[in-house]
Amino acid sequence: MDLEKFFDKVNHSKLIEVLSRKIKDGRVISLIHKYLNAGAMIKHSYKDTTEGVPQGGNLSPLLSNIMLNELDKELEKRGHKFVRYADDVMIFCKSKRVATRVLESIIPYIENKLFLKVNREKTKVDYVGKIKFLGIGYYVYKGEARIKVHKKSIEKMKTRIKEITSRRTSISHELRALKLKRYVIGWVNYFKIADMTYLLKTIDSWLRRRLRQIYWKQWKKTKTKFERLTKLGIEKSKAWEYANTRKGYWRTANSQILHRTLKTQTLRNEGYLFFNDYYKSI
């Protein structure tokens, strides 16, 4: 379930009512009310804020959670199993028929009691294996629900790696390794609860091929390629043969010659951090 323009649609009166149940100091309530009604600057012009909470404001995440805590309590009262992060909600049911009935009964509560709008286009009844929630996907193994990285999150990750390892980007290996390291650490830390050993091994193999491609292109001249290959341990006749190859960068990057010279450990020594290495370390 997704709530439509949640931060823009929070009803001030309802929020103040919820806050007033717990906060007995009128000065605090008054201060929050002023914060909500302070208005906003949009494209250099002032606009009144009669509903919603300011996106990016310090109080907004807290006030939003206070508001949606009402939904949490209602779901608990009805005995539903659910998970919520901000305005994204998943409610778990045993069958499609039950889930459809639950959806039909909870929408009136959200719209008539909390005065929020349910986004009908992004809200649906579906099998958990087809759902993406915060970039996470799910699958069932031996009767147990397990967590995986959703395919859309994998596509997004690969797009970012392509940007960092683009052979058209003229940056030093040190800077590229640093950018890649930062991305790998952040990505793995976010998705570390998922089962992804096989996925990361596959991604790392593809990533190393992209890095070898960059090195091969940067060596440019036949003489430079020959010198680098012999320096990295390839016999001269084979090095000369490969230095004169007419194969494209991507195809050459997958050759045994570059696998033997630009080995995984060699790339590690150059400062590159790989997904599975970091995943295993944490």
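This is a predicted model: local features need pLDDT of at least 70, side-chain atom pairs count only at pLDDT 80 or more; totals for chains, interfaces and linings use all residues.

Entry 1: I began with the largest pocket and noted a volume of about 1,100 Å³. How do the residues of its lining divide into nonpolar, polar and charged? I found 16 nonpolar, six polar and 11 charged. Together the lining has 33 residues, and M90, I91, K124, D126 and I131 lie nearest the centre of the pocket. I then looked up elements that supply the lining: β4 (88-92) and α5 (96-113) each give at least two residues.

**Entry 2: two helices.** Next I turned to helix α2 (residues 12-22) and helix α4 (residues 60-77). At what angle do they pack? I read about 85°, with the axes 10 Å apart. Angles of 65 to 115 degrees count as roughly perpendicular, so α2 is roughly perpendicular to α4. On the α2 side, I listed K14, L15, V18, L19 and R21 as making the contact; from α4 come L63, I66, M67 and E70. By class, this contact holds six nonpolar residues and three charged ones, with no polar residue.

**Entry 3: β3 and β4.** Strand β3 (residues 81-85) pairs with β4 in the antiparallel sense, over five bridges. I picked out two positions: K81 is opposite F92 of β4, and R84 is opposite V89 of β4. The hairpin has two residues between its strands, and A86 takes a positive phi near 55°.

**Entry 4: β5 and β6.** My last stop was strand β5 (residues 136-141) with strand β6 (residues 144-149). How many bridges join this pair? I noted six, in the antiparallel sense. Y138 has I147 in β6 as its bridge partner. These strands form a hairpin with two residues between them, and K142 in the turn has a positive phi of about 55°.

Note on methods. Residues are numbered from 1 along each chain as its sequence is written. Side-chain values use heavy atoms; hydrogens and water are left out. On a 1 Å grid over the protein atoms alone, a cavity is a set of points where a 1.4 Å probe fits but cannot get out, and a pocket is an open set with protein on both sides within 12 Å along at least five of seven lines; lining residues have an atom within 4 Å of a point. Grid points are joined across faces, edges and corners, and a volume is the space filled by probe spheres set on the points. Helices (H or I, at least four residues) and strands (E, at least two) are DSSP runs, numbered from the N terminus. Ala, Val, Leu, Ile, Met, Phe, Trp, Tyr, Cys and Pro count as nonpolar, Asp, Glu, Lys and Arg as charged, and the others, Gly among them, as polar. Axes are lines fitted to C-alpha atoms, for helices over the stretch in contact, and angles run from 0 to 180 degrees between N-to-C directions. Angles under 35 degrees count as roughly parallel, over 145 as roughly antiparallel, 65 to 115 as roughly perpendicular and the rest as oblique. Contact means heavy atoms within 4.5 Å. Two strands pair if DSSP finds at least two bridges between them.
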